[in-house]
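Here are my notes for your first look at this fold. Keep the viewer open and check each point as you go.

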Amino acid sequence: QVKPSVIRAQRREQPMGLFDKLKTVAPPTPIASLGHPILGELVYDDEVEAWRVSVNTPAGPLPFLLYGDSEPGAAVLEKAKEMVRSSAMFLERVAAFLQAEARVQKASAGEIQQLELQDVSLFPAKGSGPVTGMVYFKGPDEYRVWRCDFDGDRLHHLGFDS
């Protein structure tokens, strides 16, 4: 019979596997802030691990959380620029989506009608798919975080976390 201390020693002496090596690689350090000609000054927020920027458009403010590694991904920046250029259409789509959801989610209709845009989070595309994200809303109940999914240009799955 092999003693437990011998088994532990044998385990420690095993060569490091590929997965173990990948776990020891430090992720890239995010750039603290960077300027963008259309979006403005993007500032890294350690709490959410994304770059924050709010763009004032003629249709209203568009607050973004842009995700990436050491900086927001090119596709994420391109999607944010596209959304700024078509801000009136996007904000109208958000309003129409909330109205439709208020009709469907009758028990929460009053609260849904009071929701206001808080952040548009954009994530790098997976493979050749579209940039995806989540749209977060602030509402009358401070303990509910309302959000919906965002795939390309489609808003869906409105719900909240409490």
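1. **A proline in a loop.** Start with P28. With a relative accessibility of 45%, P28 is partly exposed (buried means under 20% relative accessible area, exposed over 50%, partly exposed in between; 1.4 Å probe, protein chains only). P28 sits in the loop between α2 (18-24) and β1 (33-36). Helices (H or I, at least four residues) and strands (E, at least two) are DSSP runs, numbered from the N terminus. Which residues does P28 contact, leaving aside its neighbours within four places in sequence? They are D69 and S70, where contact means heavy atoms within 4.5 Å. P28 and D69 are 41 residues apart in sequence, yet their C-alpha atoms are 6.3 Å apart in space.

2. **Ground rules.** This is a predicted model: local features need pLDDT of at least 70, side-chain atom pairs count only at pLDDT 80 or more, and totals for chains, interfaces and linings use all residues. Residues are numbered from 1 along each chain as its sequence is written, and side-chain values use heavy atoms, with hydrogens and water left out.

3. **The sheet.** Now find the open sheet of eight strands. Its order is β1-β2-β3-β4-β5-β6-β7-β8, and the pairing is mixed. Two strands pair if DSSP finds at least two bridges between them. Strands of a sheet pair through backbone hydrogen bonds, either parallel or antiparallel. Which strands stand at the edges? β1 and β8 do; each has a single partner strand, so one side of each is left without a neighbour in the sheet. From one strand to the next, the twist averages 25 degrees.

4. **Two hairpins.** β1 and β2 run antiparallel, joined by four bridges. Three residues lie between them in a hairpin. Look for G35, which stands opposite E41 in β2. β2 and β3 are also antiparallel, over three bridges. V43 has R52 in β3 as its bridge partner. This second pair forms a hairpin with four residues between the strands. In its turn, E49 has a positive phi of about 55 degrees.

5. **A tyrosine in β2.** Y44 lies in strand β2 (residues 40-45). Y44 is buried, at 18% relative accessibility. Beyond its neighbours within four places in sequence, Y44 touches P30, I31, A32, E49, A50 and W51. Y44 and Y67 are 23 residues apart in sequence and 9.5 Å apart in space, C-alpha to C-alpha.

6. **Further along the sheet.** Strand β6 (residues 132-138) runs antiparallel to β7, with six bridges between them. V135 has C148 in β7 as its bridge partner.

7. **Helices on the sheet.** α3 packs on the sheet and touches β1, β2, β3 (50-57), β4, β5 and β7. Its direction makes about 170 degrees with that of β4. α4 lies across β3, β4, β5, β6, β7 and β8, running at about 55 degrees to β8. Axes are lines fitted to C-alpha atoms, for helices over the stretch in contact, and angles run from 0 to 180 degrees between N-to-C directions.

8. **The core.** How many residues has the largest nonpolar core? It has 35. A nonpolar core is a set of buried Ala, Val, Leu, Ile, Met, Phe, Trp, Tyr and Cys residues joined through side-chain atoms within 4.5 Å. Those with the most contacts inside it are F64, L66, F90, L122 and F137. Helix α4 (residues 87-104) gives the most to this core, with six residues. Not counting residues up to four places away in sequence, L122 touches several residues, including F64, Y67, M83 and F150.

9. **Aromatic pairs.** The whole structure holds four aromatic pairs. Rings of Phe, Tyr and Trp (its six-membered ring) pair if their centres lie within 6.5 Å; planes under 30 degrees apart count as stacked, over 60 as edge-to-face and the rest as tilted. The ring centres of Y67 and F123 are 4.7 Å apart and their planes are at 40 degrees, so this pair is tilted. Y67 is in the loop between β4 (60-66) and α3 (74-85), F123 is in strand β5 (residues 116-123), and the two are 56 residues apart. Y67 is buried at 17%, while F123 is partly exposed at 26%.
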